[in-house]
Amino acid sequence: MTQLKNDLLLRALRKETVERPPVWMMRQAGRYLPDYIKLRDKYDFFTRVQTPELATAITLQPVDQVGVDAAIIFSDILVIPQAMGLEVLMEEGKGPSLPKTIKTKADIDALITTGAEESLSYVMNALSLTKKELNGRVPLIGFAGAPWTILCYMIEGKGSKTWDKAKQFAYTQTELAHALLQKITTITIDYLKAQVKAGADTVQVFDSWAGSLSPADFKIFAQPYLLQIADALKDDAPVILFPKGSWYALKELSESSAAGVGIDWCVSPQMARELTQNKITLQGNFDPAKLLAPIPDIKKAVKEMIDAFGIQNYIANLGHGITPNVPVDHAKAFVDAVKEYGS
Ligand code: CP3
């Protein structure tokens with residue numbers, strides 16, 4: 001195996017001492033990069049995802065062009081519904097949609113929970129090709145959607161501001177909701193283990209819509225499945241949980257088998273540290289919209305963010321994905337400011 005030349009991310013996740021925090025950006029491979037747009041204009045979304053050479057080229061763009069300390073494999077969380085037997089469409093500018101949503105017990109019974117390594121072999125091939133092309137420059141991150149977030153798409157069939165149909169399903173057909181969440185959890189564990197086998201050095205679980213739940217309902221419908229995934233992967237690779245919006249769960253998550261937890265910008269670094277007591281590495285939490293501020297303001301805010309978190313047990317990142325309207329030099333200023341910290 002190639003020795004990593006830059007292993008800051010893995011050291012931060014193992015709580016080892018680092019010279020400076022590692023930095024990467026959620027959704028760092030995407031539409032703010034002109035070279036991504038060029039490939040997007042030539043190949044549709046799932047062709048990009050399913051062709052290892054294209055997925056690898058896109059994964060490497062932010063490493064080469066923005067200088068991040070980690071690569072995250074180009075794919076999508078909605079490949080899991082596909083592997084479970086559902087159709088997922090991606091319409092340019094409109095986001096994802098599932099023509100057939102989950103409504104009944106029979107729909108849930110029909111879902112496939114095995115064979116992710118084979119049905120998603122293109123992800124494994126993209127990971128091993130990317131690993132080879134990286135040649136040890138930076139660690140490679142694998143990922144999956146969290147069970148609650150995947151349930152949201154399976155029930156609603158598209159994005160939502162409130163996720164009220166998904167929540168209605170959870171609150172009125174609770175037993176079925178748990179059966180569905182468990183099926184998603186089972187295949188996701190297999191999928192993440194296969195990603196590690198194929199070359200992922202760490203994996204992140206995106207619970208993008210966790211924050212739609214109250215603290216009490218998060219504990220019922222999201223947290224148990226996140227913990228199940230973290231427990232199952234603990235001997236494979238460090239796991240980063242990102243339940244967006246769920247700052248209230250930080251104390252309990254810091255006592256789990258996860259190595260890291262991502263936070264958004266609605267919680268202060270001080271409060272996040274207080275809740276987690278340095279038991280877990282924190283990742284975040286720069287407001288992605290702040291990347292639209294003038295560059296000197298970005299640099300100042302990054303310095304203040306690291307001052308507040310501290311250098312150790314910390315991964316500099318955004319509090320959610322980078323948006324397409326961020327100028328590349330602003331993204332680069334964010335990354336550079338982390339690299340320049342303390343010098
Ligand atoms: O660089 C990376 O982070 C890796 C690639 C990545 C994508 N999706 C590529 C993508 C990752 C990690 C994801 C995860 C993902 N996908 C999440 C969780 C992260 C988050 O932002 O909360 C979610 C909720 C999805 C579902 C999804 N996929 C949505 C809602 C959309 C449309 C939104 C949009 O930005 O248009 C997608 C499409 C998608 N996935 C794009 C990219 C780069 C944009 C479409 C395109 O470029 O054609």
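The model is predicted, so local features are taken from residues with pLDDT of at least 70 and side-chain atom pairs from pLDDT 80 or more, whereas totals for chains, interfaces and linings use all residues. Residues are numbered from 1 along each chain as its sequence is written, and side-chain values use heavy atoms, without hydrogens and water.

**Exercise 1. The ligand site**

Work out which residues come nearest to the ligand, and which side chains place a polar atom by one of its oxygen atoms.

Solution. Begin with the shell, where a residue counts as near if one of its heavy atoms lies within 4 Å of the molecule. There are 23 residues around the ligand, and R31, Y36, D76, S208 and H320 come nearest.

Next, look for N or O pairs within 3.5 Å, the cut-off for a polar contact. A polar side-chain atom of R31 is 2.3 Å from a ligand oxygen, one of S208 is 2.5 Å from a ligand oxygen, and an N or O atom in the side chain of E92 is 3.2 Å from a ligand oxygen.

Then consider the cover: the ligand taken alone exposes 860 Å², of which the protein buries 89% (Shrake-Rupley method, 1.4 Å probe). Finally, the space that the ligand takes is the largest pocket, and the elements giving two or more residues to the shell are α2 (34-42), α3 (45-50) and β3 (95-97). Helices (H or I, at least four residues) and strands (E, at least two) are DSSP runs, numbered from the N terminus.

**Exercise 2. The cysteines**

Find how many disulfides the structure holds, and decide whether C152 is buried or exposed.

Solution. A disulfide is a covalent bond between the sulfur atoms of two cysteines, and the criterion used here is a pair of cysteine sulfur atoms within 2.5 Å. The structure holds 0 disulfides; for C152, the nearest cysteine sulfur belongs to C266 and is 18 Å away.

For the surroundings, buried means under 20% relative accessible area, exposed over 50%, and partly exposed in between (1.4 Å probe, protein chains only). On this scale C152 is buried at 0%, while C266 is exposed at 59%.

**Exercise 3. Backbone geometry**

Identify the residues other than glycine with a positive phi, and locate the cis peptide bond at N285.

Solution. W163 has a phi near 55° and sits in the loop between α9 (147-156) and α10 (164-172), where W163 is buried with a relative accessible area of 1%. N278 has a phi of about 60° and belongs to the loop between α15 (269-276) and β8; with 38% relative accessibility, N278 is partly exposed.

The cis bond runs from G284 to N285, with omega near -15°, and N285 lies in strand β8 (residues 281-286).

Terms used. Polar contact = N/O pair within 3.5 Å; in protein donor to acceptor, adjacent residues only side chain to side chain. 1 Å grid on protein atoms, 1.4 Å probe; cavity = no way out; pocket = protein on both sides within 12 Å on 5 of 7 lines; lining within 4 Å. Sits in = over half its atoms within 2 Å of the grid points.
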